[in-house]
Amino acid sequence: MRIRRLDISRPLRDKLHSGWMLVTLVIVLILPVILITGLLVKSSLLLQDHSILSLLFSKEWKPLAGKFGFYPFIISSVWVTVVALLIAAPICLLTAIHLTQYANKWVLNIMHPVIDILAGIPSVIYGVWGVLVVVPAISGYVGPFFGKMVSGYSILAGAVVLAIMIIPFILNILIEIFKTIPSELTEASLSLGASKWQTIKYILVKKALPGIISAFGLGMSRAFGETIAVLMVVGNVTKIPKGLLQPGYPLPALIANNYGEMLSIPMYDSALMLAALILFVVVLIFNFASRLVIIKSEIHC
Amino acid sequence: MCKLKKIEEKFFRILMFCSTVIIATTLFLIIFSILYKGLPSLTWEMVSQVPKGGFYFGKEGGILNAIIGSVYLSLGSTFLALLVGLPLALFMNVHLIRHKKLVNAIRFVLDLLWGVPSIVYGAFGFTIMIYFGIRASLLAGIITVTLFIIPIIVRGMDEVLKSVPRGLLESSLSLGSTRSETAYRVFLKQTFPGLITAVLLSFGRAIGDAASILFTTGYTDYIPTSLNQPTATLPLSIFFQLSSPIPEVQQRAYASAAVLVFIILIISILSRVFSRKYKKNKINF
């Protein structure tokens with residue numbers, strides 16, 4: 001009797017569990033679709049009146065007058081992101097080579113927790129640190145060095161903070177990529193008489209190049225969407241920045257600063273949703289391309 | 001020529017060493033400067049009281065509301081994400097083990113979702129909130145953060161479950177257990193400490209993120225007593241206090257930042273302990 005009851009309930013329980021598992025799968029798979037549809041529906045109001053190109057390249061941002069030009073924000077975003085990557089990329093690449101090729105055990109024992117903690121620090125903490133250290137440093141030292149009086153809240157401050165935020169992220173991917181390079185390759189090179197550095201330069205980096213580029217791509221997309229930390233140090237002035245020491249106003253900061261105020265004007269609401277949509281699409285394209293390259297290069301290894 | 005090569009290698013080795021040192025010192029600099037600024041104004045009153053009248057003008061009170069709010073929010077969303085994430089991660093590694101392509105496609109989608117900025121989740125969550133007519137509340141925040149951390153929790157668990165040897169799955173199935181029994185009784189037990197690490201990681205993400213809850217949780221001076229009340233959170237309380245022009249309030253922002261750093265460090269240490277345990281407990285084939 002007892003065995004029989006077990007027999008009935010076990011397949012049933014299996015079905016229930018498997019059913020819920022399938023439901024979770026469906027939830028996750030339709031999540032991106034819902035995300036993009038929601039944003040599209042919301043921003044369609046604005047897109048009906050204005051063409052997407054005129055929105056992207058128009059310079060005038062006057063929500064109350066119905067003028068929504070995203071150009072200053074997009075340019076600010078690009079500036080901040082590119083400069084952040086320029087700072088982070090060499091540091092990450094050099095450190096990744098050091099950690100995977102040269103470093104002693106004790107260096108690894110220190111650096112692994114360091115990278116983990118760096119990756120886990122919330123963005124608002126980076127923002128506080130930026131206000132505390134980076135902004136005064138720029139207004140106190142960097143600005144006067146170039147003979148300018150600046151507040152310090154600038155593209156450069158945003159880029160420095162962002163660079164530190166994406167370093168652990170890029171570094172982790174780079175280390176993973178260097179680990180997938182088969183050791184036969186480097187051993188063959190070493191046995192042919194190449195020095196360690198030559199092997200790294202001509203074999204390791206060359207072989208890992210697609211992966212390295214896509215790691216930078218992923219880092220860039222991470223930087224592109226980062227909000228609070230940038231918002232706190234970048235200055236938030238609606239103007240096209242003409243230099244690194246000038247304030248900017250990246251897209252995520254635009255959304256974060258104006259949400260809630262815009263509810264009374266449907267067009268404004270729609271414009272901010274379009275900003276979110278632009279962010280989403282750009283990040284998605286970057287991610288998609290980079291991940292694809294990583295997967296492809298892993299297969300070829 | 002030969003000498004030049006040696007010099008080149010030396011040069012780059014020094015550069016590499018320097019960049020490694022830069023990363024390590026940056027972390028210590030960040031933690032040091034926050035604690036240095038924050039600790040002097042971190043009093044017991046700060047962490048044990050809710051804001052009193054005029055708190056944001058430098059009067060008495062503390063940030064207990066934000067601490068509790070953040071804990072509620074992250075506990076709630078981690079729990080919900082676990083409810084969706086654990087079955088999915090197990091499903092990918094037990095039920096779909098033979099459909100490699102499908103599993104890789106799911107991983108790809110999850111990685112894409114992981115890359116989506118939290119502000120986009122925030123904007124989306126806000127839209128849903130308006131659509132269903134929910135006010136800015138703890139519930140809306142929990143839902144938004146859940147969406148945001150699901151990819152993180154699933155991918156984290158997936159990485160751990162991936163390492164379970166196939167032989168274990170096969171022997172469990174051949175002994176007559178069903179697939180879900182294999183998933184929950186064998187895989188879950190085998191990788192438990194590793195899964196806890198993944199959960200802690202997403203908890204850390206949930207407690208630290210500000211952009212996704214900026215519009216969805218609202219802000220209040222009280223500790224929420226139900227799901228549909230607005231909630232203060234630690235990251236936002238830091239953000240708001242820091243934007244105040246009054247020095248005392250800014251000091252408190254630094255103190256609150258120190259509290260958040262403490263929480264994150266504790267989570268990080270805990271997850272290290274668990275992942276070390278995971279390495280010890282593993283059955284090796």
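Tutor: Let us begin with a definition: a disulfide is a pair of cysteine sulfur atoms within 2.5 Å. This is a predicted model, in which local features need pLDDT of at least 70 and side-chain atom pairs count only at pLDDT 80 or more, while totals for chains, interfaces and linings use all residues. Residues are numbered from 1 along each chain as its sequence is written, chains are lettered from A and ligands numbered from 1 in the order in which they are written, and side-chain values use heavy atoms, with hydrogens and water left out.

Student: How many disulfides does the rule give over all chains, and why?

Tutor: The count is 0 disulfides over all chains. The sulfur of C92(A) has its closest cysteine sulfur in C18(B), 15 Å away, which is too far for a bond. As for accessibility, buried means under 20% relative accessible area, exposed over 50%, and partly exposed in between (1.4 Å probe, protein chains only). C92(A) is buried at a relative accessible area of 0%, whereas C18(B), at 37%, is partly exposed.

Student: Which domains does the assignment give for chain B, and how much area do they bury between them?

Tutor: Domain bounds come from an automatic or database domain assignment, which for chain B gives domain 1 (2–41) and domain 2 (61–281). Their centres, taken over C-alpha atoms, are 31 Å apart. Buried area is the accessible area (1.4 Å probe) that two parts lose on being put together, summed over both. For domain 1 and domain 2 of chain B that area is about 670 Å², with 78% of it on carbon and sulfur atoms. I34(B), K37(B) and S41(B) supply 53% of what domain 1 of chain B buries against domain 2, more than any other three residues.

Student: How should I read the interface of chain A and chain B, and how many salt bridges cross it?

Tutor: Contact means heavy atoms within 4.5 Å, and here it takes 77 residues from chain A and 76 residues from chain B. The area buried between the two chains is about 6900 Å², of which carbon and sulfur atoms give 79%. Side chains of opposite charge can pair when their charged atoms come close. A salt bridge is a side-chain nitrogen of Lys or Arg within 4 Å of a carboxyl oxygen of Asp or Glu, and the rule finds 4 of them across this interface. One salt bridge joins E8(B) to K201(A), with the closest N and O atoms 2.7 Å apart.

Student: Are D158(B) and R107(B), which meet in a salt bridge, buried or exposed?

Tutor: Both D158(B) and R107(B) are buried, and their N to O distance is 2.5 Å. R155(B) and E159(B) also form a salt bridge, at 3.3 Å between the closest N and O atoms; both lie in helix α6 of chain B, 4 residues apart, about one turn of the helix. Salt bridges that share partners join R291(A), R107(B), D111(B), R155(B), D158(B), E159(B) and K162(B) into one network.

Technical notes:
Helix = DSSP H or I, 4+ residues; strand = E, 2+ residues; numbered from the N terminus.
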